[in-house]
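The following note was prepared for a colleague who wishes to examine the packing in this structure.

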Amino acid sequence: MAAPEPPQPPPEGSKPLSALLSGIAQAAYCGNADITEDLLRGQLYPEAPPEEFRALHAKMGGLLQSIASADMDLNQLEAFLTAQTKKQGGITSDQAAVIAKFWKNHRMKIHESLINQSRWGNVLKNINWRVDLKSQSRHMDQINTPVAIVEMELGKIGQSAAWLCHLQKQNHRVVRVGKHQMKSSKSTWKKKRFFLWTDLESEFLCLEFDEAKVSQMLKKLSEIEESMNSLTQTT
């Protein structure tokens, strides 16, 4: 029985190109200002003329930006790179293989970095909901009517997960979050009641909806979804 063939060595120049892609990603998606074009040329392609390296850097940066902005899966990536190898002034098959391997290994990190860069406020870290029957009301006709209770945890960017929230209510006021006393604010707008309280890491929001408000909210969410689909659909 013939011995298995040894693995083929990587193509000449694949290691510098992989390192170049890593440097571009570090600078573009991780905010590493220390990684400059001159630094990459000096360490990876010291023999290349500045104009030639600048063109290579710009080409790889543009390809990586296209791949990352579309968050391409492996099938999309293969089709994209194949098209690039066939176009005039594109890339070689060896370069395409290096790019494909790099994206496969770093896709998740780059995607998470892009998501973090696109955030400008707090993020929804947790949401819980339930349906209750109202037992207290100023109006008798509202007793035993169903209400939806929605509890949301809004986390600050870059903060770790906050404490689990266990609500204890007295007269519709939030008085305790876990083991920590918190000041709460109460606001009422028509039939929708909400509570907002904060700690050092998160804000907690409690909403109360009657049936009509739930229907309105679902309608608004459907309109938002349709708007997003119309903006993101390909032509």
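1. Phe102 is in contact with Ser18, Leu21, Ser22, Ala25, Leu64 and Ile110, once its neighbours within four places in sequence are left aside. The model is a predicted one, and in it Phe102 belongs to helix 5. With a relative accessibility of 4%, Phe102 counts as buried, because the cut-off for that class is under 20%. The C-alpha atoms of Phe102 and Leu21 are separated by 7.5 Å, although the two residues stand 81 residues apart along the chain.

2. The overall composition of the chain may be stated briefly. Its secondary structure comes to six helices and eight strands, and along the sequence these follow the pattern α-α-α-α-α-β-β-β-β-β-β-β-β-α. Of the 235 residues in the chain, 27% are buried. Among contacts with a separation of 6 or more, 52% are accounted for by residues 24 or more positions apart.

3. The largest nonpolar core has 27 residues, and those with the most contacts inside it are Leu20, Met60, Ile67, Leu81, Ile99 and Trp103. Two or more residues of this core are given by each of helix 1 (14-29), helix 3 (50-70), helix 4 (74-86) and helix 5 (93-117). Helix 3 supplies the largest share, seven residues. A second, separate core has six residues, among them Ala148, Met152, Leu205 and Phe209. As general background, nonpolar side chains tend to be buried together in soluble globular proteins.

4. Which residues does Ile99 contact beyond its neighbours within four places in sequence? They are Leu21, Met60, Leu63, Ile67, Leu81 and Ile91. Of these partners, Met60, Ile67 and Leu81 are also listed, with Ile99 itself, among the residues that have the most contacts inside the largest nonpolar core.

5. On the helix 3 side, the contact involves Leu56, Met60, Leu63, Leu64, Ile67, Ala68 and Ser69; on the helix 5 side, it involves Gln95, Ile99, Phe102, Trp103, Ile110 and Leu114. Classified by residue type, the contact of helix 3 with helix 5 has eleven nonpolar, two polar and no charged residues.

6. How do helix 4 and helix 5 pack, and at what angle? The angle is about 155 degrees, with the axes of helix 4 and helix 5 10 Å apart. Since angles over 145 degrees count as roughly antiparallel, helix 4 and helix 5 are placed in that class. Helix 4 passes helix 5 in a right-handed crossing. Leu77, Leu81 and Thr85 of helix 4 make the contact with Ser93, Ala96, Ile99, Ala100 and Trp103 of helix 5. By class, the contact of helix 4 with helix 5 has six nonpolar, two polar and no charged residues.

7. Asp71 calls for attention on account of its backbone. Its phi is near 45 degrees, a positive value in a residue other than glycine. In general, most residues other than glycine have a negative phi. Asp71 lies in the loop between helix 3 and helix 4, and its relative accessible area of 21% makes Asp71 partly exposed.

8. Gln26 is found in helix 1 and is partly exposed, at 31% relative accessibility. Leaving aside neighbours within four places in sequence, Gln26 is in contact with Gly31, Asn32 and Ile35. A separation of 9.1 Å is computed between the C-alpha atoms of Gln26 and Ile110, which are 84 residues apart along the chain.

9. Is Leu44 buried, partly exposed or exposed, and which class does its relative accessibility give? At 22%, Leu44 counts as partly exposed. Leu44 is found in helix 2, which covers residues 37-44. Not counting residues up to four places away in sequence, Leu44 touches Pro16, Ala19 and Leu20. Leu44 and Lys15 are 8.9 Å apart in space, C-alpha to C-alpha, and 29 residues apart in sequence.

Technical notes
Residues are numbered from 1 along each chain as its sequence is written. This is a predicted model: local features need pLDDT of at least 70, side-chain atom pairs count only at pLDDT 80 or more; totals for chains, interfaces and linings use all residues. Side-chain values use heavy atoms; hydrogens and water are left out. A nonpolar core is a set of buried Ala, Val, Leu, Ile, Met, Phe, Trp, Tyr and Cys residues joined through side-chain atoms within 4.5 Å. Buried means under 20% relative accessible area, exposed over 50%, partly exposed in between (1.4 Å probe, protein chains only). Helices (H or I, at least four residues) and strands (E, at least two) are DSSP runs, numbered from the N terminus. Contact means heavy atoms within 4.5 Å. Ala, Val, Leu, Ile, Met, Phe, Trp, Tyr, Cys and Pro count as nonpolar, Asp, Glu, Lys and Arg as charged, and the others, Gly among them, as polar. Axes are lines fitted to C-alpha atoms, for helices over the stretch in contact, and angles run from 0 to 180 degrees between N-to-C directions. Angles under 35 degrees count as roughly parallel, over 145 as roughly antiparallel, 65 to 115 as roughly perpendicular and the rest as oblique. A crossing is left-handed if the near helix is turned anticlockwise from the far one by less than a right angle, and right-handed if clockwise.
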